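Please open the model in your viewer, with the sequence panel beside it, and keep a selection tool ready. The tour moves from the whole chain to single residues and back to larger elements.

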Amino acid sequence: MEKLDNLTLNSTLADIPSHEFKVGLKTVGQVVAKALQRQPELPGIMITANNKKVVGMISRARFFEWLSRPYGSELFLKRPIEVMLNMIGEEFKAISDVEIRLAKCLVLSANCPIDKAVEIALQRPAPLAYEPIVIAGENGQWRLLDMQVLLLAKSQLFALAKESADAANRAKTEFLANMSHELRTPLNAILGFSQVMKRTSSLSPEQQQYLGIINSAGEHLLELINDVLEMSKIEACRTTFYQASFDLYRLLDNLQEMLQLKASSKNLQLIFERASDVPQYMQTDERKLRQVLINLIGNAIKFTEKGSVTLRVNLQGCRGDLENIDLNSPLPKSPSAPLQSSHLRLWFSVEDTGLGMLPAEIEQLFAAFGQTETGRKSGQGTGLGLAISQKYVQMMGGEIKVKSTPGKGSTFSFDILVKLTQGSDISHPQETRKVIRLAPHQPQYRILVVDDSWESRLLLVRLLTSLGFVVCEAENGLQGFRLWSSFSPHLIFMDMHMPVMNGYEATKQIKAHFKGQETTIIALTASAFEEERKAIFSAGCDDVISKPFRQEVLLEKIAECLGAQYLYEKSAVEDKDEVTQDELNASFRPLDFHLSQMPVEWVEKLNKAALKCRDREIVQLCEQIPQTHSALAKTLTNLANDFLFDKIIDLIQIVQAKQPALVIKK
């Protein structure tokens, strides 16, 4: 059979090489028989008339079946034309209806795409499924095609399409890796230097305001970049499920505290309801669950103008006694796998009293970059939140379902598979405190920074030297390797993508040549892909920090690797006689409570400043807030820095609604 290597993705039947055997009305039967015996690949015989029209068609198998009949050899080999025409007449010549003839004999245009031809051919009745196919070409030209050849051509197109898709995926992955690096590297400088500047006590209130705006805008941009990259990782099946133990109660409390202001600013009730039998400690991917809940609750608040947003958490489908379970059994690898006694399903529901959606809009909700009409009008978001949430929930063994009534509200619900665990398995986060400098009576720690980005090197050098570290810098891996030999650093921060010699090769060279105590190497990468992390560790790096990084994470890594100790800025809790237990308890109250405790005159000034959009004046008023109401001071300062004066006015109105005696002059 002829090769199909020359086919392309847009090939048609005319492009398929085909063995064909045409006979005229005077052809002798012995010639046909010998030709079919000599060339087994011939699909059959096509009989043509002088006007080049097809008179009849017979498959190879049918021809030899007829020859095997009694007197078949005598009839077909000595008087072939008359007998053939008589035999075929019932099946071909006598059929006048064009559609019936096409269905039975399958005459296809030479311009018919191969995929479409296969689809048509396989729809024929079973007895005719592998009969030869007649290709009607231009200028009265006819060809005979075997079904097997057509299927091979289809297979070749599939292989070409797969190869093309693989190439496109490789190009997309490379593009995303480069974009991740190109976007995160400047963001690392923006957010990093703003963190360094925060350490300066000589900044004026106006400069602090500008710094807050830079931080807020940078964090928002980072969230958008992360969404786009995460969606790309999901589409490429490169998102990893990280199962770990966590405290569900603490997660829900933190979410409620974080989203309360957003709900209060719209005068909405934010209600969290947790069933009494929901366990506190469990295992699943906490980060993905947290992101799903933030997306769903955040959307509910965004598109609800009055009423409430309610999160309900219930236990569903628990197997066995929760007090006597096997905590060591692993999670099933798929949602369809049988549950063990320690596995259960948690059911989450987010219900709002918002605008609701039409059925047509619900169908598009989970499409990447798709937004409802309401979402487009809001001018917010990328249209990726729900698409990412659905993928995350599927990874956790569930599915998001939606019920919505236009004008009454929507309910998003999902269930996930979790594994019960013990409270002793949970690591509780410690309070983050500002590092002032290295503690005294420690070795003089030497740190080498290797990065081709001048801004990234400057950021690390300024930060680390201000704390008391001795820092040296290099702009590529080769220079870093040479400095390592002379500088003998305790720790190296190694960028992985550099000219001359990249971080992978430099790390391998250093690890192969270290003398005495091995140098700790922490990789710095702007990549969002797990494959790079694996390659980093394979090269010999001891740890990884992603760009943009936070100072706390960086300093914590240094402490873990070198055993370095710091002096911290004293926290409010540590200042004795300044904060009482009652005051500490008050710090966990809602924001409207804190605002209600402020003097009426002060609230009046705040209201006037917000109405006139005077951000500096609001920041100055926040400096007058007592330490016991620090949560209020921090929130109002952030709102002023972000120019969200309407949120401040809304908060004041909430307090006024709860305390009618509080009269605020406009």
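What follows is a series of selections, each with a description of what is found there.

**The whole chain**

Begin with everything selected, bearing in mind that this is a predicted model. The protein chain has 666 residues, of which 45% count as buried, and its secondary structure comes to 24 helices and 20 strands. The accessible surface is about 35200 Å², with 51% of that area belonging to carbon and sulfur atoms. Among contacts between residues at least 6 apart in sequence, 70% join residues at least 24 apart.

**The largest nonpolar core**

Next, select Leu 289, Ile 297 and Phe 414, which touch the most other members of the largest nonpolar core, a set of 42 residues. The elements that give two or more residues to this core are helices H9 (248–264), H10 (286–302) and H13, together with strands S8 (269–274), S10, S11 (343–352) and S13 (409–420). H10 gives the most, with eight residues. In soluble globular proteins, nonpolar side chains tend to be buried together.

Centre the view on Phe 414 and show its surroundings: leaving aside neighbours within four places in sequence, its contacts include Leu 289, Val 292, Leu 293 and Leu 296, as well as Leu 346, Trp 347, Phe 348 and Val 393.

Now select helix H13, residues 385–395, where the buried residues include Leu 386, Ile 388, Tyr 392 and Val 393. Just after H13, Gly 397 takes a positive phi of about 95 degrees.

Move on to Ser 308, which belongs to strand S10, residues 308–316. Is Ser 308 buried or exposed? Its relative accessible area is 15%, so with a cut-off of under 20% Ser 308 counts as buried. Beyond residues up to four places away in sequence, Ser 308 touches Gln 269, Ile 271, Glu 351, Asp 352 and Thr 353.

**A sheet of three strands**

Select strands S4, S5 and S6, which form an open sheet in that order with mixed pairing. Strand S4 (107–109) and strand S6 (142–145) stand at the edges with a single partner strand each, so one side of each is left without a neighbour in the sheet. The twist averages 35 degrees from one strand to the next. S4 and S5 (residues 133–136) pair in the parallel sense over three bridges, and Leu 108 has Ile 135 in S5 as its bridge partner.

**A sheet of five strands**

The next selection is an open sheet of five strands with parallel pairing, in the order S16-S15-S17-S18-S19. Its edge strands are S16 (470–474) and S19 (543–546), each pairing on one side only, and neighbouring strands are turned by 20 degrees against each other on average, direction ignored. S18 (residues 520–525) and S19 pair over four bridges, with Ile 545 in S19 as the bridge partner of Leu 524.

Finish at Pro 499, in the loop between strand S17 (491–495) and helix H16 (503–513). Pro 499 is partly exposed, with a relative accessible area of 45%, and apart from neighbours within four places in sequence it is in contact with Asp 452, Asn 476 and Gly 477. The C-alpha atoms of Pro 499 and Asp 452 are separated by 7.4 Å, although these residues lie 47 residues apart along the chain.

Technical notes: Residues are numbered from 1 along each chain as its sequence is written. This is a predicted model: local features need pLDDT of at least 70, side-chain atom pairs count only at pLDDT 80 or more; totals for chains, interfaces and linings use all residues. Side-chain values use heavy atoms; hydrogens and water are left out. Buried means under 20% relative accessible area, exposed over 50%, partly exposed in between (1.4 Å probe, protein chains only). Contact means heavy atoms within 4.5 Å. Accessible areas come from the Shrake-Rupley method with a 1.4 Å probe; for residues, only the protein chains shown count as cover. A nonpolar core is a set of buried Ala, Val, Leu, Ile, Met, Phe, Trp, Tyr and Cys residues joined through side-chain atoms within 4.5 Å. Two strands pair if DSSP finds at least two bridges between them. Axes are lines fitted to C-alpha atoms, for helices over the stretch in contact, and angles run from 0 to 180 degrees between N-to-C directions.
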